[in-house]
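Please look over the sequence and the structure below before reading on. The briefing that follows is grouped by topic and is meant for someone meeting this structure for the first time.

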Amino acid sequence: MTPSATHSSEIHDSTPSGESDDEMMMRRRKHAKVGSAVEGLNLTAMMDIFTIILVFLIKQYEAAPQNITLSEDLSPPLSTTTAEMVPGVSLIISKTSVMVDNKRIVVLADGKPTGTEGWGAVGKALGARRETIKYIGDHGGSQFDGNVMVIADEKTPYDVVSNVLYQAGKEQFTTYRLILRAGGTE
Amino acid sequence: MAGGGGGTEELNLVPYLDIMVNLIMFMVVVTAYLVQLKEAPIIAPTYGGAGGGGEQAPFITVAIATTEINLLAGGAGAMGAEPLPKCVMKGPCTALTKRLRELRTAIPDVSENLVVTADKTVPYWEIVKVMDAARSDKQGPLFPAITLATSLSQ
């Protein structure tokens, strides 16, 4: 029990039955004058408020299935679409790389893959991801639904987007969801 | 309580409060840098005949070139009108929306599936602008389903 609550209950307990409201108020004022020296700030209420704010912020952070941080390298275009995001395998196309589930697969230089495997590396990584999801699905987890979230930088050439989507399609990812920033103008 | 003659000391809440304040500040700063994301579902790109194979209804293709936007019927011929100006990054793409509404009215059985293709150098934001312009206007939905076809100069 908090000190203030204890104090309040003591007052309440010592109140004789049949006492009028005015008498009770007078008695409380007298009692307050006796202990008028402030002994210390009661931080319990403030702590409660902070805890509630923290829980609220954490829940808000959790609500978005995929949060990305804007950077020079990755800034999705603005759009007027209002459809809510559905989580899936993330395919990020930044200015300098292509990532599958936040793992860098291909490094880009002037819109071209630099590795020996070329765009095939993206397909290979997505294929491995598909097999993992299917394995999880076979053992009681959620089934593979071919859902891929494409998060691309606004200045990505269409050639890059097209090639990456083609690789995804080859690996049975057939439901493409372009992830865009809310707030565009029609 | 303090002053109880060697009894239990009152819990010092100040360090706990410091931690809470720091955590809240961290969460507020992190949340400020996050962006609100939405999604736009699309249909898979196709090599060769764009538009989903055996579709019977006539469909419209929006071809985004480096300098202009062309509207094609069934992915083959131009629709008998002059090319449209390209969309700008900040601002509406009204010319395209208006033309698509005219086509939707002129061809009642046109497919709701709009095929979008672009030159390989066209930036991604232009594709999204065209998709936004084609989705709906003030009169209602236009072409809610979008198919992305491969780039024009593959």
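This is a predicted model: local features need pLDDT of at least 70, side-chain atom pairs count only at pLDDT 80 or more; totals for chains, interfaces and linings use all residues.

## Briefing on the two chains

In chain A, strands β2(A) and β3(A) are joined by a hairpin that runs through 3 residues.

**Chain A as a whole**

- Chain A contains 5 helices and 7 strands, and their order along the sequence follows the pattern α-α-α-β-β-β-β-β-α-β-α-β.
- Of the 186 residues in chain A, buried residues make up 27%.
- When contacts in chain A between residues at least 6 apart in sequence are considered, 66% of them join residues at least 24 apart.

- Strand β3 of chain A, residues 97-100, runs antiparallel to β2(A) and is joined to it by 3 bridges, with A:M99 in β3(A) as the bridge partner of A:I92.

**Helix α5(A)**

- Helix α5(A) has 13 residues and reaches 18 Å from its first C-alpha to its last, which is close to the 18 Å expected at 1.5 Å a residue.
- This helix is mostly covered, with 10 of its 13 residues buried; among them are A:Y158, A:V161, A:L165 and A:A168, together with residues such as A:D159, A:N163 and A:Q167.
- Just after α5(A), the residue A:Q172 takes a positive phi of about 70 degrees.

**Where the two chains meet**

- The contact between the chains takes 49 residues from chain A and 38 residues from chain B.
- On the side of chain A that touches chain B, the elements giving two or more residues are α3 (44-63), α5 (158-170) and β7 (175-182) of chain A, and α3(A) gives the most, with 10 residues.
- By residue type, the side of chain A that touches chain B divides into 26 nonpolar, 15 polar and 8 charged residues.

**Chain B as a whole**

- Chain B contains 3 helices and 8 strands, which run from the N terminus on in the order α-β-β-β-β-α-β-α-β-β-β.
- Of the 154 residues of chain B, 30% count as buried.
- Among contacts in chain B with a separation of 6 or more, residues 24 or more positions apart account for 65%.

**Helix α2(B)**

- Helix α2 of chain B, residues 94-106, has 13 residues and reaches 18 Å from its first C-alpha to its last, close to the 18 Å expected at 1.5 Å a residue.
- The residues B:L96, B:T97, B:L100 and B:R104 of α2(B) are buried, and because the buried residues fall within an arc of 95 degrees when seen down the helix axis, they line one face of the helix.
- An α-helix has 3.6 residues a turn, so residues three or four places apart point the same way.
- The face of α2(B) turned away from its buried side carries the exposed residues B:T94, B:E102, B:T105 and B:A106, while what covers the buried residues includes β3 (69-73), α3 (124-135) and β6 (136-137) of chain B.

**The largest nonpolar core**

- The largest nonpolar core has 58 residues, and of these A:L91, A:V150, B:V116 and B:V130 touch the most other members.
- The largest share of this core comes from α3(B), which supplies 8 residues.
- Leaving aside residues up to four places away in sequence, A:V150 touches A:L91, A:L165, A:Y176, A:R177, A:L178 and A:I179.

Key:
Residues are numbered from 1 along each chain as its sequence is written. Chains are lettered from A and ligands numbered from 1 in the order in which they are written. Helices (H or I, at least four residues) and strands (E, at least two) are DSSP runs, numbered from the N terminus. A residue is buried if 20 or more other C-beta atoms lie within 10 Å of its own, exposed if 12 or fewer, and partly exposed in between; C-beta atoms are placed from the backbone. Two residues are in contact if their C-beta atoms, placed from the backbone, lie within 7 Å. The expected span of a helix is 1.5 Å times one less than its number of residues. The arc is that of the directions from the helix axis to the C-beta atoms. Ala, Val, Leu, Ile, Met, Phe, Trp, Tyr, Cys and Pro count as nonpolar, Asp, Glu, Lys and Arg as charged, and the others, Gly among them, as polar. Two strands pair if DSSP finds at least two bridges between them. A nonpolar core is a set of buried Ala, Val, Leu, Ile, Met, Phe, Trp, Tyr and Cys residues joined through C-beta atoms within 7 Å.
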